[in-house]
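Please consult the sequence and the structure shown below while reading.

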Amino acid sequence: MSNFERAVEALSNAREAVVFTGAGISVESGIPTYSDPLTGIWARQDPETLETARAFRENPRLIWGWYLWRRYQASIASPNAAHLALSQLSGSGRKISVITQNVDDLHERAGSVGVLHLHGKLSTPKCFACHRPAEIPPPPAIFPADGALIEPPRCGRCNGKLRPGVVWYGEDLPLGIWKSAIALVKNCDVLISVGTSGIVTPAAEIPKLALSSGATVIQINTADVSTGMQNEVMLIGKATDVLPKLCALIPRKVSN
Ligand code: APR
């Protein structure tokens, strides 16, 4: 049996499946991964350096502008065939839960509901001082081509600077979301891990937790990221090629 056939069989027999996604699922919507070089005024910067509270403290305009630029990129992107295939899979009579490391809203715009964002969202800034969530206007129709140093707005309650509502290196994941994700992973029959390098913990532990809980893990990636564990199936290819083909072969599950 080929790896693809093993994946079809496991997913067809599943009652509950979790889809765990990383930056690779948004690549074909035009959103770069973390290994792609940065552009504009952030070129030659290392994302790991920029994604920290220290960087924001030292240069709030550079970091706030970078996230506005990324929010603008996400706003002009569209969900791709991989996002749409996952949303349609939810209609197959199975419980399909999406857990993502991505901060864009492409899963939601493809129709997925209840998406768990482990690393926060571009659309939900908060106060750097009092942590109160804040609203900001939608991204501009045109963004300065080379990006821009933009002064962060101020908090309506304490006048602190607003910061992006994402999880930075050295910060804890939102506890409630993490606990919900772990409960889903421990109870699923299949976990599909799509477009993630599996480097940044604790999120990177999720596929291993699924395997140790007895699930089958289907890895979809343009690179071979398999760990060689027994109940793991590695499907090498683009998410927009592999996921629609896989989901199209999954029969509707009649609830018994
Ligand atoms: N289809 C499937 N996979 C792809 C595609 C594609 N078209 N293009 C790239 N990939 C894969 C790459 O091979 C890589 O394994 O997507 C993965 C992207 O890896 P990263 O850029 O490290 O993104 P991710 O795994 O989501 O990073 C996790 O790190 O920087 C932090 O908080 C940030 O959430 C992010 C976390």
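In this predicted model, six strands form an open sheet with parallel pairing, in the order β3-β2-β1-β6-β7-β8. The edge positions belong to β3 (116-117) and β8 (232-236); each has a single partner strand, so one side of each is left without a neighbour in the sheet. Within the sheet, strand β6 (residues 190-194) pairs with strand β7 (residues 216-221) in the parallel sense, and five bridges link the two. One of the residues involved is Val 194, whose bridge partner in β7 is Ile 220.

The chain is assigned to two domains. Domain 1 comprises 1-31 + 79-120 + 173-256, whereas domain 2 comprises 32-76 + 126-163. Taken over C-alpha atoms, the centres of domain 1 and domain 2 are 28 Å apart. Nine residues from domain 1 and seven residues from domain 2 take part in the contact.

The size of an interface is often given as the accessible area lost when the parts come together.

| Property of the interface of domain 1 and domain 2 | Value |
|---|---|
| Buried area | about 590 Å² |
| Share of the buried area from carbon and sulfur atoms | 63% |
| Share of the area buried by domain 1 that Ala 23, Ile 31 and Arg 109 supply | 60% |
| Salt bridges across the interface | zero |
| Residue pairs in polar contact | one residue pair |

By class, the side of domain 1 that touches domain 2 consists of five nonpolar, two polar and two charged residues.

Which charged pairs occur in the model? Side chains of opposite charge can pair when their charged atoms come close. The count of salt bridges comes to eight. Arg 70 forms a salt bridge with Glu 51, and their closest N and O atoms are 3.7 Å apart. Arg 70 belongs to helix α4 (residues 60-76), while Glu 51 is in the loop between α2 (47-50) and α3 (53-58), so this pair ties together parts that are 19 residues apart in sequence.

Two backbone features remain. Most residues other than glycine have a negative phi, and most peptide bonds are trans. The peptide bond from Thr 201 to Pro 202 is cis, with omega near 0°. Pro 202 is placed in the loop between β6 and α8 (206-212). Arg 44, although not a glycine, has a positive phi of about 70°. Arg 44 is found in the loop between β1 (16-21) and α2.

Technical notes
Residues are numbered from 1 along each chain as its sequence is written. This is a predicted model: local features need pLDDT of at least 70, side-chain atom pairs count only at pLDDT 80 or more; totals for chains, interfaces and linings use all residues. Side-chain values use heavy atoms; hydrogens and water are left out. Domain bounds come from an automatic or database domain assignment. Contact means heavy atoms within 4.5 Å. Buried area is the accessible area (1.4 Å probe) that two parts lose on being put together, summed over both. A salt bridge is a side-chain nitrogen of Lys or Arg within 4 Å of a carboxyl oxygen of Asp or Glu. A polar contact is a pair of N or O atoms within 3.5 Å; within protein, one must be able to donate a hydrogen and the other to accept it, and residues adjacent in sequence count only if both atoms are side-chain atoms. Ala, Val, Leu, Ile, Met, Phe, Trp, Tyr, Cys and Pro count as nonpolar, Asp, Glu, Lys and Arg as charged, and the others, Gly among them, as polar. Two strands pair if DSSP finds at least two bridges between them. Helices (H or I, at least four residues) and strands (E, at least two) are DSSP runs, numbered from the N terminus.
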